[in-house]
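Subject: Structure handover

Hello,

Here is the structure I promised to pass on. Please open it first, then read my notes below.

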Amino acid sequence: MATTQKPRLALRRAIAIAAVGIAGNAFAHGDVTPQAVDVTSLKPLGDEWLESNPYRGDQEAIRVGTSAFNQNCARCHGIGAVSGGIAPDLRYLPVEDEGDEIFIMRIRNGATRNGRVYMPPFEGILQQEAMWAIRAYLETVHVE
Ligand code: HEC
């Protein structure tokens, strides 16, 4: 399975990708430094936002999504999506379309309450392809 990638390897890759150059505005969210995700190996999705995951069960998307999750989400949601308690444990997101809807709404918009950013929005930072790849990965670690 693609879930065995070592965090250190993912980190080295993140640094390599960052060195190639990511948009300056990617650093606009204070302490959050999103990492660019290479989605060239995935089927392009176009500009329309999809409501369900076109990559569900796709091995390559799961591989890309594992690394993208570790680079962009794990610092709050935990390595392997096992939450340390600060942010929700994403292993419990419902499977299939129900979870897809919650997922895409939240990753695009983030979560802000009373002017405090609990989770930054990723729309305009991660490509739609990267988002659904992360979702494909999350479904592989789902627990009931
Ligand atoms: C800065 C910390 C932080 C980062 C980085 C972050 N999140 Fe979150 N996320 C949160 C918090 C906190 C919440 C809960 C928000 C709330 O209660 O309103 C949350 C909620 C969610 C939810 C909704 C969970 C539910 O049960 O309703 C999803 C899905 C999610 N995050 C996915 C992601 C993904 C995917 C990434 C990476 C691209 C990510 N998050 C990055 C902190 C973060």
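Which residue takes a positive phi in the hairpin of strand 1 and strand 2? N114 does, with a phi near 50°. The hairpin has 2 residues between its strands.

A word of caution before the rest: this is a predicted model.

**Overall layout**

The protein has 144 residues, and 29% of them count as buried. Its secondary structure comes to 5 helices and 2 strands. Along the sequence the order is α-α-α-α-β-β-α. Take the contacts with a separation of 6 or more: residues 24 or more positions apart account for 66% of them.

**The strand pair**

Strand 1 covers residues 111-113. Strand 1 and strand 2 run antiparallel, joined by 3 bridges. A111 stands opposite M119 in strand 2. Both residues return in the next section.

**Around the ligand**

The shell around the ligand holds 19 residues. Those that come nearest are C73, C76, A87, A111 and M119. Helix 3 (74-77), helix 4 (96-109) and strand 2 (116-119) each supply at least two residues of the shell. Helix 4 gives the largest share, 4 residues. By type, the shell divides into 15 nonpolar, 2 polar and 2 charged residues.

**The core**

The largest nonpolar core has 27 residues. Within this core, A61, A130, M131, A133 and I134 have the most contacts. Helix 2 (59-72), helix 4 and helix 5 (128-140) each give two or more residues to the core. The largest share, 8 residues, comes from helix 5. In soluble globular proteins, nonpolar side chains tend to be buried together.

Look at I134 in particular. Leaving out residues up to four places away in sequence, I134 touches G65, A68, F69 and C73.

**A loop residue**

Where does V82 lie? V82 is in the loop between helix 3 and helix 4. Why does V82 count as partly exposed? Because V82 has 13 C-beta neighbours inside 10 Å; a residue is exposed at 12 or fewer and buried at 20 or more.

V82 is in contact with D89 and R91, leaving aside neighbours within four places in sequence. V82 and Y92 are 10 residues apart in sequence. In space their C-alpha atoms are 9.7 Å apart.

That is what I found.

Best wishes

Notes:
Residues are numbered from 1 along each chain as its sequence is written. This is a predicted model: local features need pLDDT of at least 70, side-chain atom pairs count only at pLDDT 80 or more; totals for chains, interfaces and linings use all residues. A residue is near a molecule or strand if its C-beta atom, placed from the backbone, lies within 6 Å of it. Ala, Val, Leu, Ile, Met, Phe, Trp, Tyr, Cys and Pro count as nonpolar, Asp, Glu, Lys and Arg as charged, and the others, Gly among them, as polar. A nonpolar core is a set of buried Ala, Val, Leu, Ile, Met, Phe, Trp, Tyr and Cys residues joined through C-beta atoms within 7 Å. Two residues are in contact if their C-beta atoms, placed from the backbone, lie within 7 Å. Two strands pair if DSSP finds at least two bridges between them.
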